[in-house]
Amino acid sequence: MKSPTFGFVDLFAGLGGFHVALENLGGEAVFAAEWEPTLNKLYTANYGLPAWTDINGLETDDDIRREVPDHAVLAAGFPCQPFSKAGDQLGFADTTQGNLFFKVLQILKVKRPGRLILENVPNILKHDGGRTVETIVAELRALGYDVDIRHFSPHEFGIPQVRDRAYFVGSLDGLDTFTWPKKHKEGTDITSVVRRDVPTTRPIPELTLKAIDMWGDFLKRSPASLKMPSFPIWSMEFDATYPYEEETPPGVWARRSRYGLSGMRFKGSFGFALDGLRIPEQYELIPSHARREGDFQFPRWKQTFIRQNREFFRDNASWITPWLNEWQPWTFPSSFQKMEWNAQGEVRDIDNFVLQVRASGLRIKRPTTAPSLIAFTQTQVPILGAKLAGLRRYMTPRECAELQSLGDIELPGSDLDAYKALGNAVNARVVEAIAKPLLTGLPGPVTTFRTSKINPTREPLGAIT
């Protein structure tokens, strides 16, 4: 086994994506921190290094000097939830996670590693009107680091996953010789990570399968000459006539209730009549996106989607109406009443595609890439069509680990915990491509090899572009 050429620390380590990448480049982890108990234990099992638990336990500079060894590279995927569009976006005001960046700063101040690489959601660059990223960069520069930032996604490195992330690199020696890696220009294919030998232990719920069949039938009924809409299809707007431009249902209800009146002489979801019904009864027949109390003016994007869907139904009622009568989509939850077609020009067989259930609807994507793995919910794990995997099924945790370039590391035993951890993980291949040019100038050669912990055969990585 080759001797390591530099030491690194792996903060907020999770499944160890930074560890895999930097060890592949010849580094040795000298310190790691992960507060989640299951992942903390797995870090030791996978990498042979006991990980610190709560990094906030390193309260003083003396604590850091005593517990954190000297190192050349600091890597940290500091918690992204405070900056994510999917969260409350409290940023640094999040007292549990948002201020952990400043703990990273404290370690940098005390230990002075020559290089740093940080990862977070791309929304961090826009958070708080850009002031958050300005603070991060200013604080790092105040410590003497030259800093640069760039977006990358795994699909730009030959990995079939779309997962845009912001990467910060920093160097005490300046970044004059650093160049960001080139992006992959060849196509990708989800079947490159599909494993036929991995059993699936989590069945797709019957209602989800029925919804897939419903939208599969919708696609089959659509005329081949018809270009499918690029906007989200909201079937609840088919045959609806309630007001949405100059006025809204909540506005009508507020105005009429002042005069003791009820009823709108319009049609609600799927054309159900509202005339003669009391306001609470009408409320149940208005789409959830159009009945929020006090919402007296819809935003322009919502008006546009409503208008586009009503026009689409009007122009295609001859084949959509029989579909509505057979499937009765109003009996499904709201998320299943919507569909996003992201495969323009493809043959309309739903089992040819990668599917994802989202609040915005059933998303249908080409099999070139998987959607971004998400930590918040198990229901959004990608579903493989039967023609991709032999049967309709969720991607397994092991396949998702391939999407994160983590190889055969041990994963949490629970599928739910595994999906969550993988959704939070950094992509090792992307980090490796960024880190390789960043390591130029560190003491000793920056060799590329695999250790026995990651790959017993020590096969070379090959060129990283």
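## The chain as a whole

The model described here is predicted. The protein chain contains 13 helices and 12 strands, and buried residues make up 53% of its 465 residues. Of the contacts in the chain with a separation of 6 or more, 67% are between residues 24 or more positions apart. The accessible surface comes to about 20,900 Å², and 50% of that area belongs to carbon and sulfur atoms.

## The sheet from β1 to β6

An open sheet of six strands runs in the order β2-β1-β3-β4-β6-β5, and its pairing is mixed. Its edge strands are β2 (27–33) and β5 (146–152), each of which pairs on one side only, and the twist averages 20 degrees from one strand to the next. Strands of a sheet pair through backbone hydrogen bonds, in either the parallel or the antiparallel sense.

Val 73 has Arg 115 in β4 as its bridge partner, Leu 116 stands opposite Gly 170 in β6, and Ile 149 is partnered by Phe 168 in β6.

How many of the seven residues of β6 are buried? Seven of the seven are, so the strand is largely enclosed by the rest of the structure. In a regular strand the side chains alternate between the two faces of the sheet. In β6, Arg 165, Tyr 167, Val 169 and Ser 171 lie on one side and Ala 166, Phe 168 and Gly 170 on the other, and all of these residues are buried, with both faces of the strand covered. Helix α13 (residues 428–438) lies across β4, β5 and β6 (165–171), and runs at about 20 degrees to β6.

Helix α4 (residues 100–111) has 12 residues and reaches 17 Å from its first C-alpha to its last, which is close to the 16 Å expected at 1.5 Å a residue. This helix is mostly covered, with 10 of its 12 residues buried; among them are Leu 100, Phe 101, Val 104 and Leu 108, together with the lysines Lys 103 and Lys 111. The cover over the buried residues of α4 includes the strands β1 (6–11), β3 and β4, as well as the helices α3 (61–67) and α5 (131–142). Arg 112, which follows α4, has a positive phi near 55 degrees.

Val 121 is found in the loop between β4 and α5. With a relative accessible area of 7%, Val 121 counts as buried, because that value falls under 20%. Val 121 and Asp 164 are 43 residues apart in sequence, yet their C-alpha atoms are 7.4 Å apart in space.

## The sheet from β7 to β12

A further open sheet of six strands has the order β7-β8-β10-β9-β11-β12, again with mixed pairing. At its edges stand β7 (233–234) and β12 (393–394), each of which has a single partner strand, so one side of each is left without a neighbour in the sheet. Strand β8 (residues 338–342) pairs with strand β10 (residues 361–365) in the parallel sense over four bridges, and Met 339 has Leu 362 in β10 as its bridge partner.

Helix α6 (residues 206–221) has 16 residues and reaches 22 Å from its first C-alpha to its last, close to the 22 Å expected at 1.5 Å a residue. The buried residues of α6, including Ile 212, Trp 215, Asp 217 and Phe 218, pack against β7, α9, β8, β9 (354–358), β10 and β11 (383–384).

## Asn 309 in helix α9

Asn 309 is found in helix α9 (residues 300–327). Is Asn 309 buried or exposed? The relative accessible area of Asn 309 is 0%, so this residue is buried. A polar atom of the Asn 309 side chain lies 3.1 Å from the backbone oxygen of Pro 232. Leaving aside residues up to four places away in sequence, Asn 309 touches Phe 231, Pro 232, Ile 233, Trp 234, Glu 237 and Phe 238.

Technical notes. Residues are numbered from 1 along each chain as its sequence is written. This is a predicted model: local features need pLDDT of at least 70, side-chain atom pairs count only at pLDDT 80 or more; totals for chains, interfaces and linings use all residues. Side-chain values use heavy atoms; hydrogens and water are left out. Helices (H or I, at least four residues) and strands (E, at least two) are DSSP runs, numbered from the N terminus. Buried means under 20% relative accessible area, exposed over 50%, partly exposed in between (1.4 Å probe, protein chains only). A polar contact is a pair of N or O atoms within 3.5 Å; within protein, one must be able to donate a hydrogen and the other to accept it, and residues adjacent in sequence count only if both atoms are side-chain atoms. Contact means heavy atoms within 4.5 Å. Two strands pair if DSSP finds at least two bridges between them. Axes are lines fitted to C-alpha atoms, for helices over the stretch in contact, and angles run from 0 to 180 degrees between N-to-C directions. Accessible areas come from the Shrake-Rupley method with a 1.4 Å probe; for residues, only the protein chains shown count as cover. The expected span of a helix is 1.5 Å times one less than its number of residues.
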